[in-house]
Amino acid sequence: MNQRTHTWLAIRAIALLEDSNGPTGLIKILKDNVKGAAIGCWIPDLQDTKKGSGDIDNHILKMKPYQGSNRTRFIKKRKELFDQLGQERKVCEFLGDRDSVLDAGWWNTPYKAEPSPGQHLANRSMALSTTLIDQLILGDNKVADLVPGTVKFSDKLDMNARSRMEEVAMYCFMLSHFVADACQPCHCDARRLSAYNNGLHKEMEAGWSKVVGTYFKKDNYLQNDDTPTKVLMESRVIDNKFDIEFSNNVPDL
Ligand SMILES: [Zn+2]
């Protein structure tokens, strides 16, 4: 996915949290740093991180029909899946309107990804989100003021070892990159048509990028002097161009 689409998705998620009266401390950490930390949602695609989060296996989870044993374990009935995701999610709404696209044959086929052990999109997202919780627990005084509860051993830590708001925000933006990649169908589909240069993947992402427009394009975005409130407002404006209406109710998982 292109940088500006990643940026829009990450910032739109913060605006959604704000619109749904989400956790005020987390919103403040993200919103106050929406400018400086936004590069976090491009980092995983940058060449210099190829030995870290940028390793290509960390961006994909290629599912394919599974022929091995215990096949029923890898079939999830439509209703069960939708219930788990939350019926109000856009993906459920989308599939609900297009009932005939995924027929019974699709729903009854077991699908599984066979990634390198410990290394795939879900692992990477899980590792990062667990680390983020630690970062919030071990935050400096500014972070601690925004996180509910007290951490008894915080004052024993070297102040320089405690995480700063900017750092927490940047890693949240990185997490956004991986969540967005997990929702890009070509990242999760092992068929050849999903390969980057096979006429679909690249073109789909270029199409999204065009709709997102130029406000979140790297050079424009980093050079503007807009306030965080204005930046979030610009992210909301793009909903119309995708013909999406969010419900301001972020479903729990
Ligand atoms: Zn990626």
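# A tour from His187

Select His187: it is partly exposed, with 19 other C-beta atoms within 10 Å. A residue counts as buried if 20 or more other C-beta atoms lie within 10 Å of its own, as exposed if 12 or fewer do, and as partly exposed in between, with C-beta atoms placed from the backbone. Residues are numbered from 1 along each chain as its sequence is written. The model is predicted: local features need pLDDT of at least 70, side-chain atom pairs count only at pLDDT 80 or more, and totals for chains, interfaces and linings use all residues.

His187 sits in the loop between H8 and helix H9 (201-212). Helices (H or I, at least four residues) and strands (E, at least two) are DSSP runs, numbered from the N terminus. Leaving out residues up to four places away in sequence, His187 touches His59, Ile60, Leu61, Leu121, Asp181 and Ala182. Two residues are in contact if their C-beta atoms, placed from the backbone, lie within 7 Å.

Next, colour by pLDDT, the predictor's confidence in each residue, from 0 to 100. The mean for the protein is 91, and 99% of its residues reach 70 or more.

Now go to the largest nonpolar core, which has 36 residues. Such a core is a set of buried Ala, Val, Leu, Ile, Met, Phe, Trp, Tyr and Cys residues joined through C-beta atoms within 7 Å. Select Ile11, Val168, Ala169 and Phe173, which touch the most other members. Helices H1 (3-19), H2 (24-32), H6 (121-137), H8 (165-182) and H11 each supply at least two residues of this core. Which helix gives the largest share? It is H8, with 10 residues. Stay on Val168: apart from neighbours within four places in sequence, it is in contact with Ile29, Leu132, Gln135, Leu136, Gly139, Val143 and Ser163.

Show H1 and H8 together. Their axes come within 9 Å and cross at roughly 110°. Axes are lines fitted to C-alpha atoms, for helices over the stretch in contact, and angles run from 0 to 180 degrees between N-to-C directions. H1 is therefore roughly perpendicular to H8, a label for angles of 65 to 115 degrees. The contact is made by His6, Leu9, Ala10 and Ala13 of H1 and by Phe173, Ser176, His177 and Ala180 of H8.

On the H1 side, Ile14, Leu17 and Glu18 make the contact, and on the H2 side, Ile27, Leu30 and Lys31.

Select Asn21, in the loop between H1 and H2. Is Asn21 buried or exposed? Asn21 is exposed, with 11 other C-beta atoms within 10 Å. Its phi is near 55°, a positive value in a residue other than glycine. Most residues other than glycine have a negative phi. Asp243, in the segment after H11, also has a positive phi, near 55°. With 7 C-beta neighbours inside 10 Å, Asp243 counts as exposed.

The last stop is helix H3 (residues 78-85). Of its 8 residues, the number buried is 0, so H3 lies largely in the open. Just after H3, Gly86 takes a positive phi of about 100°.

How values were computed. Parallel < 35°, antiparallel > 145°, perpendicular 65-115°, else oblique.
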